[in-house]
Amino acid sequence: MFVADCLNVNEKGHLTISGCDTVALAKEYGTPVYVMSEDEIRKTCRMYRDSITEYYHGRGLVCYASKAFCCKEMCRIMKEEGMGLDVVSGGELYTAMQVQFPPEKIQFHGNNKTEAEIKMALNYNVGHFVVDNISELETIDRLAGEAGKIANVSLRIKPGIDAHTHQFIMTGQIDSKFGFALETGEALEAVKAASSYAHIRLRGLHNHIGSQIFDVDPFVAAAEVMMDFIAQIKQETGIVIEDLNLGGGFGIKYLESDQPVPYGDYMKAVSAAIFQKCDALGLDVPYIYMEPGRSIVGEAGITLYTVGSIKHIPNIRTYVSVDGGMCDNPRYILYQADYTVLVANKADQERDTKITVAGKCCESGDLIQEHTLVQDVEVGDILAVLSTGAYNYSMASHYNRTPKAPVVMVKDGKARVIIRGETFEDLLRCDV
């Protein structure tokens with residue numbers, strides 16, 4: 001039933017997360033409410049850090065992909081854990097800098113960074129720009145020159161790998177809005193262009209083949225393709241690529257049937273491929289970056305709701321409506337994302353009732369899960385949706401003028417608010 005080590009059942013039969021009773025959390029903080037386990041987050045960070053030490057002799061940095069879930073407290077935790085940070089917007093960068101995150105550990109991504117965002121990143125002295133297109137190279141060179149700086153750059157490369165994932169979250173194939181294609185020669189031309197600018201230092205290459213991937217082989221194949229390209233660059237241009245960013249995309253457990261590969265196994269297999277390629281091609285092993293996001297926070301988070309109504313449609317389905325929905329979790333309406341759902345106040349009972357979880361928004365597609373098994377459910381019960389730590393709060397909206405739910409962090413049986421719930425007054429703050 002449980003997808004993460006931080007979840008359990010107490011003597012009352014209630015679901016717990018990091019020692020906190022979820023029913024008590026719902027009563028104290030109201031619903032809907034996001035709950036995140038700090039214990040689980042830190043444990044996963046340390047596993048990734050340890051993998052760099054074990055498989056790359058410490059020559060690397062794990063950068064948390066903050067788009068999965070970004071707030072000041074998450075940036076503080078990443079800072080304390082010695083992690084780097086992957087940001088994709090001025091807002092994420094600004095959030096990180098408000099907690100004095102080390103800028104040299106920040107990688108700034110995005111396929112259409114604005115001039116204002118580039119200027120902000122230059123001003124903060126971010127470690128790397130991960131560049132997506134030639135226009136961006138030209139803009140960074142011009143703005144860096146105006147600021148009297150040299151910008152470190154890595155080029156995002158499409159390695160042409162089928163990641164065996166949902167088509168909306170595949171990013172390594174040639175038909176993607178991200179990056180330079182290898183097949184067309186575009187990537188090599190970008191390398192030559194980047195090395196020609198006076199205010200750009202070409203440091204590395206980046207690739208990311210997709211998200212929620214359960215296979216090791218695509219990561220190994222992508223690493224081999226990237227090492228071959230590094231060798232080609234050196235042979236044809238004399239340019240030595242110092243850094244290789246392997247991206248993220250490691251799968252997590254949403255359902256009991258999901259079987260993600262242990263993250264250390266990914267690192268072991270990919271590092272072996274890189275070392276073998278370096279030996280065969282006569283290359284030095286590059287400094288390694290990786291960018292896990294979902295796998296750091298996904299299983300560490302749950303969302304709690306209160307059941308408001310139940311509607312039985314004979315021979316069709318049973319709708320169980322909760323006090324949240326697509327505003328706090330749009331992933332089902334976007335791409336039918338799977339989740340494990342259970343009744344938090346009956347977590348010790350068998351899940352033998354098939355329901356469809358409906359949200360409260362005025363939208364027929366506002367569903368969180370269809371035809372899913374839960375315990376016998378009644379009005380007033382607390383419904384828990386598991387593995388919602390990634391891309392739920394990040395994608396939350398104000399549809400129907402709905403305030404965003406609070407986020408509560410739990411650790412060692414204690415809870416604290418890290419993002420307060422919005423009020424109706426907050427909804428009007430920008431109205432004129």
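Is Arg 401 buried, partly exposed or exposed? Arg 401 is partly exposed, with a relative accessible area of 42%; here buried means under 20% relative accessible area, exposed over 50%, and partly exposed in between, using a 1.4 Å probe and protein chains only. Before going further, please note that this is a predicted model, in which local features need pLDDT of at least 70, side-chain atom pairs count only at pLDDT 80 or more, and totals for chains, interfaces and linings use all residues. Residues are numbered from 1 along each chain as its sequence is written, and side-chain values use heavy atoms, with hydrogens and water left out.

## Salt bridges

Side chains of opposite charge can pair when their charged atoms come close. A salt bridge is counted when a side-chain nitrogen of Lys or Arg is within 4 Å of a carboxyl oxygen of Asp or Glu, and by this rule the model has 26 salt bridges. Here are some of them.

| Glu 189 | Lys 192 | 3.7 Å |

Let us take the Arg 401 pair from the opening. Asp 431 lies in the segment after α12 (424–427) and Arg 401 in the loop between β19 (382–386) and β20 (407–411), so the pair ties together parts that are 30 residues apart in sequence. Helices (H or I, at least four residues) and strands (E, at least two) are DSSP runs, numbered from the N terminus. Like Arg 401, which has 42%, Asp 431 is partly exposed, at a relative accessible area of 41%.

Glu 370 counts as partly exposed at 27% relative accessibility.

Glu 189 is partly exposed at 48% relative accessibility, and Lys 192 is partly exposed at 35%.

There is also a network of salt bridges, which links Glu 38, Arg 42, Arg 46, Arg 49, Glu 73, Arg 76, Glu 80, Glu 81 and Arg 416.

## Strands and their partners

Strands of a sheet pair through backbone hydrogen bonds, either parallel or antiparallel. Two strands are taken to pair if DSSP finds at least two bridges between them.

An open sheet is formed by three strands in the order β1-β2-β3, with antiparallel pairing. β1 (7–9) and β3 (20–21) stand at the edges with a single partner strand each, so one side of each is left without a neighbour in the sheet. Three bridges join β1 to β2 (residues 15–17), and Leu 7 has Ile 17 in β2 as its bridge partner.

Strand β14 (residues 301–313) has several partners to look at. With β4 (residues 33–37) it pairs in the antiparallel sense over four bridges, and Val 35 stands opposite Ile 302. Five bridges join β14 to β19, again antiparallel, with Leu 383 in β19 as the bridge partner of Tyr 305. β14 and β15 pair in the antiparallel sense over six bridges, where Ser 309 has Ser 321 in β15 as its bridge partner. These two strands form a hairpin with three residues between them, and Asn 315 in the turn has a positive phi of about 65°.

## Nonpolar cores

A nonpolar core is a set of buried Ala, Val, Leu, Ile, Met, Phe, Trp, Tyr and Cys residues joined through side-chain atoms within 4.5 Å. The largest core holds 113 residues, of which Ile 41, Phe 69, Met 78, Phe 129, Leu 155 and Leu 205 touch the most other members. Helix α8 (residues 217–237) supplies the largest share of this core, 10 residues. Another core lies apart from it, with 22 residues, among them Cys 6, Val 23, Ile 302 and Ile 382.

Leaving aside neighbours within four places in sequence, Phe 129 is in contact (heavy atoms within 4.5 Å) with residues including Phe 108, Ile 118, Leu 122, Ile 140 and Val 153.

## A buried loop residue

Ala 390 is in the loop between β19 and β20 and counts as buried, at 0% relative accessibility. Not counting residues up to four places away in sequence, Ala 390 touches Ala 68, Arg 294, Val 297, Gly 298 and Arg 331.
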